[in-house]
Amino acid sequence: MTEFLTAALGFILAMLALGLVSILRGPGDADRMMAAQLIGTGGIAALLLLGAVTGVPAATDVALTIALLATFASIAFVKKGLPQLDADEAGSTEDR
Amino acid sequence: MTVATILEMVLAAVVLALGVWTIAARETFAATVGYVAYGLLVPLIWVRLDAVDVALTEAAIGGGLGGVLLLGAAARLRPSEPATAAETPGKIVRLSAAGASVMIAAALAAAVLLLPDPAPTLAPAAVANASATGLANPVTNVLMAFRAMDTMLEKVVLLLAIVGVWSLASDRAWGGRPGPRHQAGPHGVLVFLARLLPPVGIVVGIYILWTGANHPGGAFQGGSILAAMWLLVIMAGLTDTPAVGGRWLRLVLIAGPGVFLIVGLGGLCFGPAFLAYPLPPHAKPLILIIEVAMVSTIAVTLGLLLAGAPERSDQG
Amino acid sequence: MSFALDILTIVAVSAGAFFFLAGTVGLLRFPDTLTRLHALTKADNLGLGLVVLGLLPQAGSLRHGLKLVGIWLLALLAGATVSQLIARAARQSGSAR
């Protein structure tokens, strides 16, 4: 069981790395904003598996923290440090 | 070569590559994204090394709050970026900087790799003396009891940092509100998230503070999460940054080191030494009171540090 | 009984890893930002859910299991809202080009 979980963890980490390569290479800023989102799910999965493999139950607390802080970082990325968020109004996009 | 070793190599390679990319990135925004990604991945290494308290702090500070700080700085620096780009240091300066960095990294690596095995450490003594306070988490014992002086002085350092940031305000904005007024569409997605997430975040932050007594956690990590939730509400425009001249705000800012100092002086008056706690049944409530004061101070201080120097006078 | 639980763990975690693979392949192969965002959010959230499902039998206590499910729900909420914001930002910067 431990070997299987370790292998799954390594696989998910490799997927995370590939995803990061693709995102960080992306041509625009919008592509890079996805990085925090990617780590927010992939990193949490990896951390939960790591907690099960190494027998450290407190890893779920770290996963909880990362979930919250990755969301916070994603929002900061979308705002790009500016006070305004033009693209946010519910009816402002042309999807009628 | 076991699966665990391969895992560790993959993890180390990913983090190192991310670090190199962050330094080599051309645009500021890209580098900031790389830095936040790095800060959110290093906790995996810390958990692998069984240092969960450090992992919590790294995720909170390095991942979330540090990245937001850099983004705000990058946004402010954008008007002056062409001028700074024209001033790139010459090749000799950059080569010497690279050389100095490599030598320091080599010295650190040598120091770590040449440690005697088993490395000299006080960790077993800290674990063995947990009965001094009745708390089971050895890290909390060290922070709050054995090296409590350091923790108290760190909170004073936070206070000095805030004073430093505030001193950047212009005369007109002195005592006013930090940063611009954030705005977001009142029926938009951001406001929805800023209404739904902070209650969960506050519960998690208090939980991490509470569980720090016996499991990894503590006041600093909990305070960082609370600060992040407060900043989220500010970034969605649901509330404005507080005026830094406010009396209640300043009271909260000094509450952490203040309560610590009072307990320390109590130890001097009623006990054997400064910051000496009473015997185990009574030590834990005292430590809890100190931690509650500290978490409020840390949350407000970190939030204000990220909000920046006052820019708008209080009437505006 | 514990054998059945172990089988559940193996199947669920494998399925979760497969969804992570699908999400990453989508991320690498899809042509533009919006489709890549879709691949990332949907596949990875489902992958995380299956990994959590697989780890539930291995959890030490009910509290730990509830914490795992709570993390997944939090990731779902964050993924849904943040991907909306990123998509709008992408559309904004795309139309402004």
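**Notebook: chains A, B and C of a predicted model**

I began with the radius of gyration of chain C, taken over C-alpha atoms. Chain C has 17 Å, whereas a compact globule of 97 residues would have a value near 13 Å. The globule rule behind that figure is 2.2 Å times the number of residues to the power 0.38. I then boxed the C-alpha atoms of chain C along the principal axes and got roughly 60 × 25 × 10 Å.

Ground rules noted: this is a predicted model, where local features need pLDDT of at least 70, side-chain atom pairs count only at pLDDT 80 or more, and totals for chains, interfaces and linings use all residues. Residues are numbered from 1 along each chain as its sequence is written, chains are lettered from A and ligands numbered from 1 in the order written, and side-chain values use heavy atoms, with hydrogens and water left out.

**Chain C elements**

I listed the secondary structure next. Helices (H or I, at least four residues) and strands (E, at least two) are DSSP runs, numbered from the N terminus. Chain C has three helices and zero strands. The order from the N terminus is α-α-α.

**Chain C against chain B**

I counted contacts, meaning heavy atoms within 4.5 Å. Nine residues of chain C and eight residues of chain B take part. I then took the buried area, which is the accessible area (1.4 Å probe) that two parts lose on being put together, summed over both. Chain C and chain B bury about 700 Å², with 83% on carbon and sulfur atoms. On the chain C side, Leu77(C), Thr81(C) and Leu85(C) lose the most area to chain B, together 55% of what that side buries.

I looked for salt bridges here (a side-chain nitrogen of Lys or Arg within 4 Å of a carboxyl oxygen of Asp or Glu). The count between chain C and chain B is zero.

**Chain B against chain A**

Here 58 residues of chain B contact 48 residues of chain A. The buried area is about 4500 Å², and carbon and sulfur atoms give 81% of it. How many salt bridges are there between chain B and chain A? I found one. Glu27(B) and Arg32(A) meet through their side chains at 2.9 Å, N to O.

α2(B) gives the most, with 12 residues. By class, this side has 44 nonpolar, nine polar and five charged residues. Ala, Val, Leu, Ile, Met, Phe, Trp, Tyr, Cys and Pro count as nonpolar, Asp, Glu, Lys and Arg as charged, and the others, Gly among them, as polar.

**Salt bridges over all chains**

My search of the whole structure finds 11 salt bridges. One is between the side chains of Asp61(A) and Lys67(C), at 3.0 Å, N to O. This pair crosses between chains, from helix α4 of chain A to helix α3 (residues 62–95) of chain C.

**Confidence in chain A**

I checked pLDDT, the predictor's confidence in each residue, from 0 to 100. Chain A has a mean of 83, and 86% of its residues reach 70 or more. Among the helices, α4 (residues 59–79) of chain A is highest at 91, and α2 (residues 29–32) of chain A is lowest at a mean of 82. Residues 90–96 of chain A stay under 50, and the model has six contacts for them beyond four places in sequence. Where pLDDT is low, the predicted coordinates should not be read in detail.
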